[in-house]
Amino acid sequence: MADAGGVLEARAVSEMPSEHKGIKGKQIKGGDNLGWGTRNRLSRLIKPDGHCQFLPIDHGYFQGPTRCLERPGETIRDLFPYADALFVTRGVLRTCVNPDIDTPIILRVSGGTSVIAEDLSNEIITTSVEEMIRLNVAAVGLSIFVGTDYERQSLENLAMLISECEDYGIPVMAVTAVGKELEKRTARYLALSCRIAAELGAKIVKTYYCVEDFEKVTNGCPVPVVMAGGPKCETELEVFDFVYNGIDKGAIGINLGRNVWQNPHPVAMMRALNAVVHDGITPKQAFDLFKSLQNA
Ligand code: 5RP
């Protein structure tokens, strides 16, 4: 029952410290003027140190039952405690992910193509805003295909999705996809794609690392950049190297799938990467940690 007893009068401003000391927020690139809901959702994905490690398991949306992701629920069982967010489609979310988990969800909402079709870039938006809200997602992700026959369509998908999501404070993560043309991953191309995504209103951009001039990609993008992994690297050290260098050159984190769950020691890989992202350990230290965790 409401109780009016013992209500104390508010203090006069003159009795209070002159400086207003509110809660100091974390640094999120381009995030100072976001609405409260958008900022709060984004803040769930990006940890207090300003970094993040997402775990993508969305590959089946065009690749089918990808190796080591045949049963996504089993793949993530021991990994999700170390993930700052899961990137997943609604189908796998509903069927394979326990709704009691606390891990924020980034919902993959583009699709409509398959790996055996001519062109992977001919995507549509697959999921309504009502569905995003029903699934209580922290963000949504959609691919753009700059420089392809469907460039305009994928950019229109992004722009329309952002306009709809703005009404509900749902941040959109743009994925700069290259389809089957992996050789496209140069700084010039990635910088172009990331900047276009941010100009259209993406709150975060996922792109690939490139050895040369990666800082041009991050510098030219006014919102946070996270790195995807691409096909599995030959060695673990290679992965730690590019993640370390990418963060050093301005990426805030990673969204690595195959290089984690296709590794014979996925938990050790996930945890060692977590230490690179969040604790800034060197590639050599990460490799040593990986080795020590293999038998843990
Ligand atoms: C698949 C994706 C993946 O989320 C992204 O490519 C990251 O996974 P990986 O590290 O395996 O490349 O967008 O469409």
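Q: What makes up the shell around the ligand, by residue type?
A: Five residues are nonpolar, six are polar and two are charged. Ala, Val, Leu, Ile, Met, Phe, Trp, Tyr, Cys and Pro count as nonpolar, Asp, Glu, Lys and Arg as charged, and the others, Gly among them, as polar.

Q: Which residues of this shell are the closest to the ligand?
A: Of the 13 residues that surround the ligand, the closest are Pro56, Ala228, Gly229, Gly257 and Arg258. A residue counts as near a molecule if its C-beta atom, placed from the backbone, lies within 6 Å of it.

Q: What kind of model is this, and how are residues numbered?
A: It is a predicted model, where local features need pLDDT of at least 70, side-chain atom pairs count only at pLDDT 80 or more, and totals for chains, interfaces and linings use all residues. Numbering starts from 1 along each chain as its sequence is written.

Q: Why does the radius of gyration agree with a compact globule?
A: The protein has 296 residues, so the rule for a compact globule gives a value near 19 Å; the protein has 21 Å, which agrees. The radius is taken over C-alpha atoms, and the rule is 2.2 Å times the number of residues to the power 0.38. The C-alpha trace spans about 70 × 45 × 40 Å along its principal axes.

Q: How many helices and strands does the protein have?
A: There are 12 helices and 10 strands. Helices (H or I, at least four residues) and strands (E, at least two) are DSSP runs, numbered from the N terminus.

Q: What makes the phi of Cys68 stand out?
A: Cys68 is not a glycine, yet its phi is positive, about 75 degrees. Most residues other than glycine have a negative phi.

Q: How do you class Asp213: buried, partly exposed or exposed?
A: Asp213 has 14 C-beta neighbours inside 10 Å, so it is partly exposed. Its phi is positive too, near 60 degrees. Asp213 lies in the loop between strand S8 (204-208) and helix H8 (214-219).

Q: What makes Cys210 buried?
A: Cys210 has 20 C-beta neighbours inside 10 Å, so it meets the cut-off. Cys210 is placed in the loop between S8 and H8. Cys210 touches Arg185, Thr186, Ala187 and Leu190, leaving out residues up to four places away in sequence. A contact means C-beta atoms within 7 Å.

Q: How do you know how exposed Thr186 is?
A: Thr186 has 16 C-beta neighbours inside 10 Å, so it counts as partly exposed. Thr186 lies in the loop between strand S7 (172-176) and helix H7 (187-199).

Q: Which residues of helix H1 are buried?
A: In H1 (residues 36-45), they are Thr38, Arg41, Leu42 and Leu45. They cover an arc of only 95 degrees around the axis, which puts them on the same side of H1. The arc is that of the directions from the helix axis to the C-beta atoms.

Q: Which residues touch the most other members of the largest nonpolar core?
A: In this core of 82 residues, they are Ile106, Val140, Ala202, Val205 and Val243. Helix H11 (residues 266-279) gives the most to this core, with seven residues. Such a core is a set of buried Ala, Val, Leu, Ile, Met, Phe, Trp, Tyr and Cys residues joined through C-beta atoms within 7 Å.

Note on methods. A residue is buried if 20 or more other C-beta atoms lie within 10 Å of its own, exposed if 12 or fewer, and partly exposed in between; C-beta atoms are placed from the backbone. Two residues are in contact if their C-beta atoms, placed from the backbone, lie within 7 Å.
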